[in-house]
Amino acid sequence: MKVKCQFSILNYQLFFYDVRDFVMDRKIPLNIYKISSPCVGTVLENKKLTQPSSPNDTHHVVVGLEGSSYTYLEGQSAGVLPAGMDEKGKPHAVRLYSIASHRSGEKGYPFSLSLCVKRVVYQNPQTGQEKRGVGSNYTCDLKTGDSVKLTGPVGNRFLLPENFQEHHFIFLATGTGIAPFRGMLAHLFQNHFKNEIWLIFGTPYKTDVLYEEEFGQYRSHPNFHFVTAISREEKNKDGSKVYVQHRILEHQAKLIPLLRETNTLLYICGLKGMEKGIHEAMQVMCPQELYEQVRKRILIEVY
Ligand SMILES: Cc1cc2nc3c(=O)[nH]c(=O)nc-3n(C[C@H](O)[C@H](O)[C@H](O)COP(=O)(O)OP(=O)(O)OC[C@H]3O[C@@H](n4cnc5c(N)ncnc54)[C@H](O)[C@@H]3O)c2cc1C
């Protein structure tokens, strides 16, 4: 279906969709809760998303917001204030996590938000000693009933457009970058979205395909295409690892006509640097003129 693009093209930011298209005439909840007066939520659920045999540990944490004024849109992030002090004796800094739920809350918990958090464990480059990231370990270790201090929501760019029914979407994620797309997909399907949606999800191991069952259920919608790229377990014909960009190239016969539609938006979320390979793939498969158009319809949230 060809639908006229409703967005202004007056002032594009390089690589980014014009923020004003999302902000103008639109009520976006922003910074309702600040560090000085955070929202105190209650943990309703904390479950491990990665399979037990995975070398990684990623959790789905549902926080109840009952009694607060916390509201949000799919694609926004929440700040978590980890309990305790840093080495300088100051309260830990806020850590941002993409909200993984739909604006009306996690299924079964009407007034809530959920986070998808990977436990960060790394080696101190000087001593070689194992270190644990403060915010991710704090969040992954939260127990049902615990209180958690939240700030936000933040983010006025990485959102679905208000007239989402008039668009097609290509969502490209790596790791916990899947979080905002979970909320967006829920919003689209709850609103009987009929246009095309692609979700291409890259992760190192099969054990780390987050929310696989849930997304698998959306496969009953003929307009939803869910593709994974398992970099450490799948190989391209030349023996190289399979990343998101290789899946884009593999599906180019369907993706190029979709990219030609001026109402197709691309969203990229996850590991910093992932956008490079995606741009390279698009430059390979699209004529220059199409690539120049498409790059203006990309929204990026990488960290
Ligand atoms: C907009 C936004 C959205 C985000 N959404 C999510 C999300 O949905 N899920 C999610 O899990 N994360 C998300 N993050 C990342 C998250 O905010 C934290 O950065 C991450 O959890 C690590 O924080 P930490 O407190 O555990 O580690 P820290 O305690 O902050 O780490 C301490 C130090 O260790 C270093 N370090 C950290 N990790 C490593 C590493 N792997 N190897 C070597 N050194 C390292 C850092 O340089 C840092 O100085 C998001 C970030 C942004 C900006």
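1. His 168 stands opposite Thr 264 in strand β12, and strand β9 (residues 168–174) runs parallel to β12 (residues 264–270), with six bridges joining them; strands here are DSSP runs (E) of at least two residues and helices DSSP runs (H or I) of at least four, numbered from the N terminus. The model is a predicted one, in which local features need pLDDT of at least 70 and side-chain atom pairs count only at pLDDT 80 or more, while totals for chains, interfaces and linings use all residues. Residues are numbered from 1 along each chain as its sequence is written, and side-chain values use heavy atoms, with hydrogens and water left out.

2. An open sheet of five strands has the order β11-β10-β9-β12-β13, with parallel pairing, where two strands pair if DSSP finds at least two bridges between them. Because β11 (224–230) and β13 (298–302) each have a single partner strand, one side of each is left without a neighbour in the sheet.

3. Among the buried residues are Arg 182 and His 187. After α3 comes His 192, with a positive phi near 55°.

4. By the rule that a disulfide is a pair of cysteine sulfur atoms within 2.5 Å, the count comes to zero. Cys 140 is in no disulfide, the nearest cysteine sulfur, that of Cys 116, being 9.0 Å away; Cys 140 is also buried, at a relative accessible area of 3%.

Technical notes
Buried means under 20% relative accessible area, exposed over 50%, partly exposed in between (1.4 Å probe, protein chains only).
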